[in-house]
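Welcome! Take a moment to look over the model below, and then we will walk through a few of its details together.

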Amino acid sequence: MSLSCVILAAGLGTRMKSDLPKVLHKVCGIPMLQAVVNAARKLRPDRIVLVVGKQRELIRDAIECEGGVYALQKEAKGTGHALRCAKPALGDFRDLTVVLSGDTPLLGAETLRRFLSLHRKNTNEVSVLSFRAKNPGAYGRIVRDRTGRLLSIVEQRDADPVQLRIDEVNSGVYALGRNALELVDGIPMNKAKGEFYLTDLVGAASERGLKAAAYCIGEEEEFMGVNTREELYRASQALRKRIIDKWIGRGVNVLDAGSVFIHPDVSIGRETTIYPNVHLEGNTRIGRNSLIYPNVRIRNSVIGGGVVIKDSTVIEDSRVGDRVSVGPFARIRPGSEIGENAKIGNFVELKNTTVGKASKASHLSYLGDAVIGKNVNIGAGTITCNYDGVRKHATEIGDGVFIGSDTQLVAPVRVGAGAYVGAGATITEDVPPCSLALSRVKQLNIEGWTLKRKLKVRSMKFKTKGGKRR
Ligand code: UD1
Ligand code: CA
């Protein structure tokens, strides 16, 4: 039996007051639609169809859905019309179709699995996933007869006062058999709104005697539909809390859950401590026993164990080995790799640079497009001049090199293993291994110069009748 998922994502999202398609607004760093796609994929369906509208290019660029098929809904004429637009893209995978909304980002695959197994076990043609809402607000109301049999779903604006008081509401998740799917073509237009409501399919199915049921499972938070900025904020906070609770449960020490932001795909080892105002983003992995001090942002990076990331440091698309110390106020830009036991100190910037084991750059440096060996000491104020105005060039520094303070390395250039570079050098030519490179004018001391200068100044003042220039 085939399984398909249709994700409705073509709505205009006018209530968001935004130029961005609603489903691309992010919850904990992930577009809402991506979160739904991820949940759908866990069901391993034969096909995923994403129904998108005018802004389809933007959505295609932002969403990763391998093997997913896009269906166009030219005009947003309602959820029923959206499903109708998806039908051709389903091909022959129509035995069981799960319909999801792109604006319910907290929905988990576990709940979907439970829902589908209820649908299958009861051999329904239509199943609706419902939940009890503290404030039913704009959700569709689940209308049942006296025996509890599902009759229909009534939208808020069409509900009578009795129906408005129903607190069991529609999550927007449906499971449809072949026959039920066919009914979508017959949904009439809702006159009040000028739209085709997918919810009307439920009434149509039960009228035709197709087996229909609503399953009130799970917690309200998980089914939260995001239509406004306020709801987006609430959904983000709910997911944020869920993620932090998970890591605390797994042995991570979070000092202030209220100010820490951890994206869903991040992982953190036990015994690691996260100070306030820390942002861990994208595909970041942090090992055990590390310390992440305040105001740190780490994105798509792998951080080892026993690492110390000191205050106000930014790390992006990089790797940091075990027992490394970075910061405070360091910037590790994409493509950097810091070897075990190395130290990157304050006001040091790395870009696309490899630093070998136990090497140190403790203060005020820019190291770009460089490969630095093991046990190297980079003096304060060292700069790789990697850009000639047109192209970027590489700097190579061998194992055990000592670079004196305030050195400029004009790339492309190599400093051989074991070499020393004297402070204040401008290195434009390769330095052979185990040699000393000096590049500064020999110091000249003029003795008594200050005293002589004072005499000269005094005589000048005398000539201009003193003090006038004051
Ligand atoms: C819908 C349901 C409501 C349910 C709620 C759950 C209908 C008529 N109402 O209301 O019963 O309680 O979801 O969150 O279905 N979309 C399209 N094309 C369109 C219109 C919408 O693809 O023409 C997509 C939207 O992008 C969105 C989803 O369908 O992802 C739901 O649409 P939305 O307008 O948010 O419906 P609600 O008013 O929330
Ligand atoms: Ca909605």
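Leaving aside its neighbours within four places in sequence, which residues is Leu90 in contact with? They are Ser4, Val6, Arg47, Val49, Thr97 and Leu181. Keep in mind as you read that this is a predicted model.

**Around Leu90**

- You can find Leu90 in the loop between helix H3 (79–86) and strand S6 (96–101).
- Leu90 has a relative accessible area of 0%, so it counts as buried.
- Compare Leu90 with Val314: 224 residues separate the two in sequence, and their C-alpha atoms are 45 Å apart in space.

**Strand S7 and its partners**

- Of the 7 residues in strand S7 (residues 126–132), 6 are buried, so the rest of the structure largely encloses this strand.
- Strand S7 runs antiparallel to strand S10 (residues 168–177), and 7 bridges join the two.
- With strand S13 (residues 212–216), strand S7 pairs in the parallel sense, over 5 bridges.
- Ser127 is a handy residue to look at here: its bridge partner in S10 is Ala175, and in S13 it stands opposite Ala213.
- As a general point, side chains in a regular strand alternate between the two faces of the sheet.

**Aromatic rings**

- The count of aromatic pairs comes to 6.
- One of these pairs is Phe131 and Tyr139, with ring centres 5.2 Å apart; their planes are at 85 degrees, which is over 60, so the pair is edge-to-face.
- Phe131 is buried, as its relative accessible area is 0%.
- Another pair is Phe329 and Phe347, whose ring centres are 5.4 Å apart; here the planes are at 10 degrees, which is under 30, so the pair is stacked.
- Phe329 lies in the loop between strand S26 (325–326) and strand S27 (331–332), while Phe347 is in strand S29 (residues 343–351), so this pair ties together parts that are 18 residues apart in sequence.
- Are Phe329 and Phe347 buried or partly exposed? Phe329 is partly exposed, with a relative accessible area of 44%, and Phe347 is partly exposed too, at 48%.

**Charges over rings**

- Arg240 has its charged end over the ring of Phe261, 4.5 Å from the ring's centre.
- Likewise, the charged end of Arg250 sits over the ring of Trp247, at 5.0 Å from its centre.

Conventions. Residues numbered from 1 in each chain as written. Chains lettered and ligands numbered in written order. Predicted model: local features only at pLDDT ≥ 70, side-chain atom pairs only at ≥ 80, totals over all residues. Heavy atoms only, no water. Helix = DSSP H or I, 4+ residues; strand = E, 2+ residues; numbered from the N terminus. Buried < 20%, exposed > 50% of the residue type's maximum accessible area, 1.4 Å probe, protein only. Contact = heavy atoms within 4.5 Å. Phe/Tyr/Trp six-rings, centres within 6.5 Å; stacked < 30°, edge-to-face > 60°. Lys NZ or Arg CZ within 6 Å of the ring centre and 35° of its normal. Pairing = 2+ DSSP bridges.
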